[in-house]
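Thanks for coming, everyone. I'd like to walk you through one structure today, so let me put it up on the screen.

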Amino acid sequence: MSDHRPDDLSALAIEELDAACALSWAEMKRITPWGDTYGGLTAGGLEVEVERRYIWAHQPEGSIAIEVEVRLPGTRQGAEARAVVEPDR
């Protein structure tokens with residue numbers, strides 16, 4: 001395994017999480033609960049699977065948890081990133 005894989009996977013997970021969090025609260029609420037898996041490439045050229053999930057969080061009440069997992073296809077090697085977004089108040 002290349003030393004760059006964990007960094008590549010983590011960097012892409014964070015990048016995808018940032019994109020997921022860029023939606024407005026109203027947009028997130030309309031699609032929650034929802035998830036999708038799609039193919040992608042890391043900056044280092046690794047082919048990966050990206051899974052993005054919007055789910056209702058238990059705390060704080062009414063919040064949405066956004067989870068992103070980036071993994072090498074057919075392996076258990078990957079990286080995850082997560083954020084909890086509270087409703088606009």
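Let's start with β3, residues 64-71, which pairs with β4 in the antiparallel sense over eight bridges. Two strands count as paired if DSSP finds at least two bridges between them. Helices (H or I, at least four residues) and strands (E, at least two) are DSSP runs, numbered from the N terminus.

Before I go on: this is a predicted model, where local features need pLDDT of at least 70 and side-chain atom pairs count only at pLDDT 80 or more, while totals for chains, interfaces and linings use all residues. Residues are numbered from 1 along each chain as its sequence is written, and side-chain values use heavy atoms, with hydrogens and water left out.

Back to that pair of strands. Ile64 sits opposite Val85 in β4, and Val70 has Ala79 as its bridge partner there. The β3-β4 hairpin has six residues between the strands, and Gly74 takes a positive phi near 75°.

Now, the whole sheet: it's open, with four strands in the order β1-β2-β3-β4 and antiparallel pairing. At the edges, β1 (34-41) and β4 (78-85) each pair on one side only.

So what about Val70? Leaving aside neighbours within four places in sequence, Val70 is in contact (heavy atoms within 4.5 Å) with residues including Leu9, Leu12, Val48 and Gln77.
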